[in-house]
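Colleague: I am new to this structure. Could you go through it and tell me what stands behind each label?

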Amino acid sequence: IEQSPIPELTMREGELWYDDRTGPIHFDHLNTAKQYDLTFQIADLCNGKCPFMLVDQAECLDNINWDQFGVAVVASTYQVFAARVDDRPQLTVTTK
């Protein structure tokens, strides 16, 4: 993605970088919540016939980010399976 439609995301020498207000950060050094956010944005650009995502290590998201993640998933066109260790009440699934 030499020319990224996500303004803060650039490729430099084959590596993915995110430019925030403090300067460029290598994708691997971003916190997991930001990696998930960017991954959703990238996937949205490549949305094919099977909008499906499998998310591992979702326990890296604190409760606020987990809730925001849930809102983003519901608003998206994706079917998402997320694995997370949690002591909160069980998730309920509704279909349209």
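This is a predicted model: local features need pLDDT of at least 70, side-chain atom pairs count only at pLDDT 80 or more; totals for chains, interfaces and linings use all residues.

Modeller: Residues are numbered from 1 along each chain as its sequence is written, and side-chain values use heavy atoms, with hydrogens and water left out.

Colleague: How many helices and strands does the protein have?

Modeller: There are two helices and five strands, in the order β-β-β-α-β-α-β along the sequence. Helices (H or I, at least four residues) and strands (E, at least two) are DSSP runs, numbered from the N terminus. The C-alpha trace spans about 45 × 30 × 20 Å along its principal axes.

Colleague: Why is leucine 54 called exposed?

Modeller: Exposed means over 50% relative accessible area, buried means under 20%, and partly exposed lies in between (1.4 Å probe, protein chains only). Leucine 54 has 67% relative accessibility, so leucine 54 counts as exposed. Leucine 54 lies in strand 4, residues 52–55. Of the 96 residues in the protein, 24% are buried.

Colleague: What makes Phe52, Leu54 and Phe81 a patch?

Modeller: Patches are made of residues with over 30% relative accessible area and no salt bridge; nonpolar side chains (Val, Leu, Ile, Met, Phe, Trp, Tyr) are joined within 5 Å, and like charges within 9 Å. Phe52, Leu54 and Phe81 make a nonpolar surface patch of about 330 Å². Accessible areas come from the Shrake-Rupley method with a 1.4 Å probe, and for residues only the protein chains shown count as cover. The protein exposes about 7400 Å², of which carbon and sulfur atoms supply 54%.

Colleague: How do you know that aspartate 19 and arginine 12 meet in a salt bridge?

Modeller: A salt bridge is a side-chain nitrogen of Lys or Arg within 4 Å of a carboxyl oxygen of Asp or Glu. For aspartate 19 and arginine 12 the N to O distance is 2.9 Å, so the pair meets the rule. Aspartate 19, at 24%, is partly exposed, and arginine 12, at 34%, is partly exposed too.

Colleague: How many salt bridges does this rule give?

Modeller: The count comes to two. Lysine 34 forms a salt bridge with aspartate 37, with the closest N and O atoms 3.4 Å apart. Both residues lie in helix 1 (residues 32–45), three residues apart, about one turn of the helix. Lysine 34 has a relative accessible area of 25% and is therefore partly exposed; aspartate 37, with 34%, is also partly exposed.
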